[in-house]
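Please keep the sequence and the structure in view while reading.

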Amino acid sequence: MPCDRVSLPRTSIGTDRFVTVHRFGRPGARPKAYIQAGLHADEMPSVLVAHHLCRQLGAADAEGRIIGEIVLLPLANPIGLDQTLMAKPLGRFTLADGRNFNRDFPDLAALAAPRLSGRLTGQPEADVPVVREALLRAMADWSANGEADDLRKLLLTLAIDADIVLDLHCDSVAPVHLYLGTPLWPDAEDLARDIGAQATLLAEESGGMPFDEACSTPWWRLPARLPDAANLPPACLAATVEYRGMADVDDELAQADAGRLVRFLTRRGVVDGDPGPLPPLPAPATPLAGVDMIRAPVAGLVVFTVSLGDRVSAGQVIGEIIDPAAADPAHARTVVRTRADGTVWSLASHAWQYPGNILAKVASPEPLPDKGAFLLTAR
Ligand SMILES: [Zn+2]
């Protein structure tokens, strides 16, 4: 089980950073799977899953059961991991410029298209390797602007030619759930079933270019730029997998989650073996544009009247925000309602909330009006 330390370019004199990269199977073998955890460096449930996955894949490798190639980064963001303020980890945004570590990856379709003009045959078997090579070259030419971009470039270069890319994260308070490109569904239903996703949220583009979409969207953005690319398949199954909530750091749970990922990799022919029957789909896939992100209208102490997994109707009260300093406690509560018919799949973890903060998320089967171009929580 080779393990590399891949260095980031030095941006601060006296400080070196590196990412640990585990490799299983034979370089260049297919299918290639790339899996990372901790891009949001304070989301430890996903890091624990990756730790167990590393051990389980190591055991499979020792038995000669890795058919394809697997690249695994259990701790993908040494910059975010180094950010703390008054003993609190701050791994989601770059302290240097406030940008989200999981946004602003490059649009590789735009960068690769000029390299592909006149080179595609219309035959997927011939064209997919050509596109992968062009994506790698476009990545090599992409000018990183600062340390966080250096990290984006390092990670994307390791992942961009993979058949499967899984970016492991966690939410506030939530069950296991999944973000996927709409063109990948229903082909990727086995992923949702194998990992037990209680919500699967689909978007062709969610806005902001997160890591998984930087890997997947070129396959359906290129046809819009090149007529010869019309027959390209969505050749990279890239997904963001959310391993429950911030506090769900549990050794046994993470070990079982890693086992479910190995089962999926076995089903996809990356690992040799019998994956067994597909588990049932826990919940139907719904559009990301159908997610009601319910925001706090006022500041105060939030109490919920719903729980994860509850079915709710448009107009239903999902909680109340209490102003404990109100002159009259009888008039201290502001009710909060959902505008969607759907299922509650995320709740805020902090009891004290400010206006505009997201309190809860409800998945509904129909897109909601006024969602705009940015469907994710924060840029
Ligand atoms: Zn995250």
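## Residues with positive phi

Asp104 lies in the loop between E6 and helix H3 (108-116); helices (H or I, at least four residues) and strands (E, at least two) are DSSP runs, numbered from the N terminus. Its phi is near 70°, a positive value in a residue other than glycine. With a relative accessibility of 24%, Asp104 counts as partly exposed. On this scale, buried means under 20% relative accessible area, exposed over 50%, and partly exposed in between (1.4 Å probe, protein chains only).

Ala87 also has a positive phi, near 75°, and is a residue other than glycine. The loop that holds Ala87 runs between strand E5 (84-85) and strand E6 (88-89). Ala87 is exposed, its relative accessible area being 75%.

## Basis of the model

This is a predicted model, in which local features need pLDDT of at least 70 and side-chain atom pairs count only at pLDDT 80 or more, while totals for chains, interfaces and linings use all residues. Residues are numbered from 1 along each chain as its sequence is written, and side-chain values use heavy atoms, with hydrogens and water left out.

## Cis peptide bonds

Arg30 and Pro31 are joined by a cis peptide bond with omega of about -5°. Pro31 is placed in the loop between strand E2 (18-25) and strand E3 (32-37).

The peptide bond from Trp185 to Pro186 is cis as well, and its omega is near 10°. Pro186 belongs to the loop between strand E8 (177-180) and helix H6 (189-195).

## The zinc site

Which residues coordinate the zinc ion? The donors are His40 (ND1), Glu43 (OE), Glu43 (OE) and His169 (ND1), at 2.0 to 2.4 Å. Donors are N, O and S atoms within 2.8 Å of the metal (3.2 Å for Na, K and Ca); water is not among the atoms, so sites may look incomplete. Along the chain, the donors follow the spacing H-x2-E-x125-H. Both His40 and Glu43 are buried.

The angles among the 4 donor atoms are 56 to 144°, and the site is irregular. Four donors count as tetrahedral if all angles lie between 85 and 135 degrees; four count as square planar and six as octahedral if opposite donors are over 155 degrees apart and all others between 65 and 115; anything else is irregular.

## Two open sheets

Strand E17 (residues 342-347) pairs with strand E19 (residues 358-363) in the antiparallel sense over 4 bridges; two strands pair if DSSP finds at least two bridges between them. Ser346 stands opposite Lys361 in E19.

Another open sheet of 4 strands, also with antiparallel pairing, has the order E16-E15-E13-E18. Its edges are strand E16 (333-337) and strand E18 (352-353), each with a single partner strand, so one side of each is left without a neighbour in the sheet. Strand E13 (residues 300-304) and strand E15 (residues 317-322) form an antiparallel pair over 4 bridges. Within E15, Ile321 is the residue opposite Val302.
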